[in-house]
Amino acid sequence: MAEPLIHFAVPFAAFTALGVKPKRALLLSLLALTPDMDVLFHVHRSASHSLIPLLLVAAPLLALTWRRKPYRNLVILASMSVASHLLLDLSGYTPILYPLLQDSFRIAFSCDMHYGSSPALSFNVLVESIPAVFIPFDSLDAPLFTSEGFLVSLALLAPAFHKMLKEFLAKTLSM
C-alpha cells in the first residue's frame, strides 16, 4: 500500500502534465486521499477501496453532468483521481472488485534487464488473491511517507511547483 504523499503526488503530476491548472489539480489530487478516510470513520475497506462503489457514485454524476462539459470533465477527473488511489493500493492486497468478488487482489510487476554477451529482458506480472478479511482496528500505525516515497513524490511534484513559482514570481515582479 502506498503512503498518502504518493497517493497525492501521482494524480497531481498527471493532471498538471495534462494541462490542468495547478490549483484545480491540487483539489483533484486531494480527492485521491479520500479512500483512506475509511480509517477515521471505521468504514470497511471494501467500501472505500473498491471500484464498484466508485462507479456507483460516478455514473449518476456523469449522467447528470453529461451536457455540461466543465462539470462532466470535473467528474471524470475526480473519478480518475480516486481510481489512481485504488490502483496504487494494488501493490498490497486490496478488495478492488468487492462485492462482485469476495477476494482482495495484489499485483506485482517486475522487469529485469541482463547485460553481457547474451542480453535479455524479462517482464513478470503476478496476480495473487486472498479472501477479504475485515478486522476491526483500534489504532493506526502507518507512515505518512517513507524515504523512498518522499523522493518519488518530490520528483513528481517538483516540475509543477517550479512552474507555479516561476509564474508567481513573473506576476509579482511585473507589478
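**Helix α5**

I started with helix α5, residues 51–64. It has 14 residues and reaches 20 Å from its first C-alpha to its last, close to the 20 Å expected at 1.5 Å a residue. The expected span is 1.5 Å times one less than the number of residues. Helices here are DSSP runs of H or I with at least four residues, strands are E runs with at least two, and both are numbered from the N terminus.

This is a predicted model: local features need pLDDT of at least 70, side-chain atom pairs count only at pLDDT 80 or more, and totals for chains, interfaces and linings use all residues. Residues are numbered from 1 along each chain as its sequence is written, and side-chain values use heavy atoms, with hydrogens and water left out.

I checked burial next (buried is under 20% relative accessible area, with a 1.4 Å probe and protein chains only). In α5, I52, L54 and A58 are buried. Their cover includes α6 (69–88). At the N-terminal end, S50 caps α5, with a side-chain oxygen 3.2 Å from the backbone nitrogen of I52.

**Helix α6**

I then turned to α6, which has 20 residues and reaches 28 Å between its end C-alphas, close to the 28 Å expected. Its buried residues include R72, V75, H85 and L86. Among the elements covering the buried residues of α6 are α1 (4–17) and α5.

**Hairpin**

Which strands pair in the antiparallel sense? I found β1 (103–114) and β2 (120–131), over 12 bridges. Pairing needs at least two DSSP bridges. C111 has F123 in β2 as its bridge partner. The hairpin has 5 residues between its strands, and G116 in the turn has a positive phi of about 135 degrees.

Key. Buried < 20%, exposed > 50% of the residue type's maximum accessible area, 1.4 Å probe, protein only. Contact = heavy atoms within 4.5 Å. Polar contact = N/O pair within 3.5 Å; in protein donor to acceptor, adjacent residues only side chain to side chain.
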